[in-house]
Amino acid sequence: MNETYDAIVIGAGVMGASITYNLSQRGLKVLILERQSIAVGATGQSSGLVRMHYDIEVDSALAWQSFHFFKNWRERIGGECGFKRTGFLQIVPPDKNDQLRGNVEMQKRIGILTEVVTTAEVKKIAPMFKTDDFELAAYEPESGYADPTLTTNSFITNAKACGSVLMQDCELTGIRVSGGKVVGVESSRGSFDAPIIVNCAGTFADRIGKMVDVEIPLTTWSHDVAFVRRPTKVGMHPTCIDDALSMYFRPEGELTLIGLEDYNRMGEAPESDLGRVDPEFVMRAIDRICERVDGMRNGF
Ligand SMILES: Cc1cc2nc3c(=O)[nH]c(=O)nc-3n(C[C@H](O)[C@H](O)[C@H](O)COP(=O)(O)OP(=O)(O)OC[C@H]3O[C@@H](n4cnc5c(N)ncnc54)[C@H](O)[C@@H]3O)c2cc1C
């Protein structure tokens with residue numbers, strides 16, 4: 001007879017881990033299946049920004065709810081998520097000033113700690129930032145970044161403590177259906193039964209959907225990121241999404257992590273090598289960060 005669970009979650013990225021944790025907290029015994037290892041997919045490659053500045057209200061509201069967890073992780077979840085408060089700046093080109101003001105108004109209505117700031121104020125927050133190509137930014141003093149792998153591990157550790165089970169190196173290969181309802185799964189490590197199956201397979205989610213004739217329109221958008229050394233003289237800068245230069249960056253100790261929003265690869269198969277970086281990317285990233293942050297050139 002197959003082992004039976006209350007629910008089976010497919011994929012141990014941050015989504016699968018969070019859902020497993022939350023179901024476990026509600027008394028369900030969950031099996032979480034992962035084809036490789038925890039956070040091996042987009043989660044482990046994520047830059048981990050923890051900020052509330054989004055264009056869409058529901059995104060900001062969700063991020064605001066999550067923020068309180070990141071800030072008080074040990075008390076609310078247990079373990080570590082690696083949250084670092086750095087402050088967060090959202091820079092926009094001048095033709096987006098009205099949109100920025102509207103976003104900040106919407107976010108303040110939700111209760112988010114955010115302000116529209118002028119370039120003079122940006123200079124006080126981040127003296128190393130060059131400010132001649134934009135007029136306004138949004139500033140969230142409490143925001144920063146977290147460690148996505150730690151976050152995911154912490155959810156799973158706490159779910160296991162409630163009786164849930166993690167199976168790594170375990171690829172889902174099929175879903176069994178009876179009378180129009182899911183009843184279990186087939187995997188590279190055997191068959192398991194459950195009346196609830198949650199698809200958290202990230203960029204593979206469409207393939208899981210196909211197993212039960214559900215079409216999920218999904219494509220991939222790969223972002224390269226690079227770490228560069230930050231000269232000591234530059235000092236610690238805030239986390240920043242810089243729409244004026246199509247870039248995001250954040251500190252990581254003495255390094256700065258840079259991601260670019262342009263020239264990204266679209267539509268690659270999800271099993272492509274996530275560690276591969278386009279050769280010109282690093283030079284473009286260096287040029288871009290030097291355009292924004294004074295003194296960075298001395299780091300190369
Ligand atoms: C702290 C933090 C901050 C973030 N900030 C931002 C942000 O500012 N902006 C933003 O856009 N995003 C942000 N993200 C989100 C991030 O970029 C990713 O989108 C997210 O982590 C994806 O999680 P996932 O669980 O959906 O997918 P994945 O991490 O890809 O996990 C899916 C898992 O499913 C497994 N899987 C696939 N097929 C199978 C199968 N057949 N059988 C078993 N397992 C399978 C894969 O191996 C993989 O591990 C943040 C994430 C974190 C944790």
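**Close-up 1. Helix 1, residues 14-25, packs against helix 7, residues 148-161, at an angle of about 30 degrees, and the axes of the two helices lie 8 Å apart.** In this predicted model, the angle falls under 35 degrees, and helix 1 and helix 7 are therefore roughly parallel to each other. The crossing that helix 1 makes with helix 7 is left-handed. On the side of helix 1, the residues that meet the partner helix are Val14, Ala17, Ser18, Thr20, Tyr21 and Ser24, and on the side of helix 7 they are Thr151, Thr152, Phe155, Ile156, Asn158 and Ala159. Sorted by class, the contact of helix 1 with helix 7 holds 6 nonpolar and 6 polar residues, with no charged residues.

**Close-up 2. Helix 3, residues 57-71, and helix 5, residues 97-110, have axes that come within 10 Å and cross at roughly 45 degrees.** With such an angle between their axes, helix 3 and helix 5 are therefore oblique to each other, and their crossing is right-handed. Helix 3 contributes Glu57, Ser60, Ala61 and Trp64 to the contact, while helix 5 contributes Met106, Gln107, Arg109 and Ile110. When the residues in the contact of helix 3 with helix 5 are divided by class, 4 are nonpolar, 2 are polar and 2 are charged.

Close-up 3. For threonine 43, an N or O atom in the side chain is 2.6 Å from an oxygen atom of the ligand. In the case of arginine 51, the distance between an N or O atom of the side chain and an oxygen atom of the ligand is 3.2 Å.

Notes
Residues numbered from 1 in each chain as written. Predicted model: local features only at pLDDT ≥ 70, side-chain atom pairs only at ≥ 80, totals over all residues. Heavy atoms only, no water. Axes fitted to C-alpha atoms, helices over the stretch in contact; angles between N-to-C directions. Helix = DSSP H or I, 4+ residues; strand = E, 2+ residues; numbered from the N terminus. Parallel < 35°, antiparallel > 145°, perpendicular 65-115°, else oblique. Left-handed = near helix turned anticlockwise from the far one by under 90°. Contact = heavy atoms within 4.5 Å. Nonpolar A, V, L, I, M, F, W, Y, C, P; charged D, E, K, R; others polar. Polar contact = N/O pair within 3.5 Å; in protein donor to acceptor, adjacent residues only side chain to side chain.
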